Amino acid sequence: MQNPQHAPTAPATMTEASRLLGSDEFTRARDQLLQVVEAASRGVAGVRGPRSDVLAQSYREALRQFQKDRGRDLFFPFMASGIGHGPWVELADGSVKYDMITGIGINFFGHTHPELMRAAIDASAADIYQGNLEPGVEVAELLRALLSRVDSGSRLRNGWITTCGTMANEIALKIIRQKKTPATRVIAFRDCFAGRSTAMQEITDNPKYREGQPLYGETAYIPFYMPKLGLQGSLDLTLCALEDHLQRYPGKFAALMLEIVQGEGGFNSAPREFYTRVFEVAKRAGLAIWADEIQTFGRTGELFAFQKFGLGDWVDVVTAAKMLHASAVLFTEEFNPKPGLVAGTFTGTSASLRVSKRVIELLDQGYYGADGRIERLSARFASNLERISGGSCRGLIGDWRNVGGMIAVQPLSGTLEEVKAVLMRLFDLGVVAFYCGHGPILIRMLPPLGAMNEGHVDEVCALLERAILDVAAARSSKGTGA
Ligand SMILES: Cc1ncc(COP(=O)(O)O)c(C=O)c1O
């Protein structure tokens, strides 16, 4: 008699994991959990103060202890409670604020987003962290999702998933150097930001971020586009500096690194021709074009800023992170590194990798193009800012700019002290924002456009208007001794 354990069975067409995720029991349990969270989340819709004096007191104590443990104060007294609703985030004292900086660009879809939570719950049976040696299906699917969305004009064919923007940039630099050896140096734009590792802090154009650190002399800077000089004036300056570096150190430069829209540097961008004329010279000298899209990814009105600016056929290496919820470096076949150059224990958590793929899929749903949600809400910010700067805040807003979901406003004369004063007032009024630029300094917003409507934009702009007016009034009453 045949051992029943070895009886022939139909070949399985499903893994245990996909059977679990497709099962009624799992789906029911997940939907129930999502409903419970959604109900709690609705309780934090709308700006409010601390829930009680008791909570406010324990919050102050928790902040004090945390700052003591860090050995450094927080920028503002912010500690999230662990829940939010769309553009609103709850703090650990039960107060609720509009989150217009979203962890410096992580939460484009706002807080407690049901679709992203669903993706995270689907990772509950997988290993918490995945590594390079034994990747899960999530890594493969995420990489495919990214590579399948670069245009046919682009030459990006391969990629690597990793944990944060700096790590993606490290990989980008290494694969470029390996390909371009013996050239090692990088040309970067003034005011750029690349991260804070030993190599990236040298590319990042901010001496304050590398105090006491060694400089290996690997980066040379060229000026970025300056609106006041116009296209030709800017090109004259930039190309002159670029040619100068290339002639001074022939064969030493491996890459031109750029943020197509500068993030930390103040949301600066240029007309397409500025980039292409600079790329032409760089390419002729054999430099790789490396676009750091860590902050711009998903945000400018196309998935990549190189698509928005029509630069797909120029870029050799591209890095993305922040709202991706993971990080990636994409590259052309010729930059595929030799074995051993790129590896590492962690690729990411199974939850973040699943969420990452879902972010890309959600962005496909009406976010891109001139009529897409990003441009629509960006235009709403713009019309509010135009009205305020020409009306109640005339003379109190030096400048403002918007590139898709990157909104920056220069209040008053744009000193760090004044901008901080406005940010703190704004925080008290119920909006969390941050700053960017190296002078003038601007208020920086990376809003959760995936969870906002026109009404939210109007409310945030009204609170910003009030914050600027309040700080201006306080300054003038101090000036008059009132
Ligand atoms: C343009 C750019 N590059 C690199 C980084 C570094 O990324 P991460 O902080 O994820 O390491 C950032 C972060 O702000 C960035 O904006």
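**Close-up views of a predicted model**

**View 1. Contact between domain 1 and domain 2.** Twelve residues of domain 1 touch 13 residues of domain 2, where contact means that the C-beta atoms of two residues, placed from the backbone, lie within 7 Å. On the side of domain 1 that touches domain 2 there are three nonpolar, six polar and three charged residues. Here Ala, Val, Leu, Ile, Met, Phe, Trp, Tyr, Cys and Pro count as nonpolar, Asp, Glu, Lys and Arg as charged, and the others, Gly among them, as polar. Domain 1 covers 129-363 and domain 2 covers 373-479; such bounds come from an automatic or database domain assignment. The centres of the two domains, taken over C-alpha atoms, are 29 Å apart. The structure is a predicted model, in which local features need pLDDT of at least 70 and side-chain atom pairs count only at pLDDT 80 or more, while totals for chains, interfaces and linings use all residues. Residue numbers start from 1 along each chain as its sequence is written.

**View 2. The largest nonpolar core.** A nonpolar core is a set of buried Ala, Val, Leu, Ile, Met, Phe, Trp, Tyr and Cys residues joined through C-beta atoms within 7 Å. A residue is buried if 20 or more other C-beta atoms lie within 10 Å of its own, exposed if 12 or fewer, and partly exposed in between, with C-beta atoms placed from the backbone. The largest core has 131 residues, of which Ile176, Trp290, Val317, Ala328 and Ile443 touch the most other members. Helix H15 (residues 454-479) gives the largest share, eight residues. Helices (H or I, at least four residues) and strands (E, at least two) are DSSP runs, numbered from the N terminus. Because domain 1 (129-363) and domain 2 (373-479) both give residues to this core, it lies between them. Leaving out residues up to four places away in sequence, Ile176 touches Ala254, Ala255, Ala288, Trp290, Val317 and Phe335.

**View 3. The shell around the ligand.** Among the 15 residues around the ligand, Gly165, Thr166, Gly195, Ile294 and Gln295 come nearest; a residue is near a molecule if its C-beta atom, placed from the backbone, lies within 6 Å of it. Helix H7 (residues 165-180) supplies the largest share of the shell, three residues. By class, the shell has six nonpolar, six polar and three charged residues.

View 4. Strand S13 (residues 397-403) pairs with strand S14 (residues 406-411) in the antiparallel sense over six bridges. Two strands pair if DSSP finds at least two bridges between them. Trp400 has Val409 in S14 as its bridge partner. Two residues lie between the strands of this hairpin, and Gly404 in the turn has a positive phi of about 55°.

**View 5. Two cis peptide bonds.** The bond from Thr181 to Pro182 is cis, with omega near 10°, and Pro182 is in the loop between H7 and strand S6 (185-189). The bond from Gly439 to Pro440 is also cis, with omega near -5°. Pro440 is in the loop between strand S16 (434-436) and strand S17 (442-445).

**View 6. Positive phi at Phe267 and Lys322.** Phe267, a residue other than glycine, has a positive phi near 55°. Phe267 is in the loop between strand S8 (253-258) and helix H10 (272-284). Lys322 is not a glycine either, and its phi is positive, about 50°. Lys322 counts as buried because 25 C-beta neighbours lie inside 10 Å.
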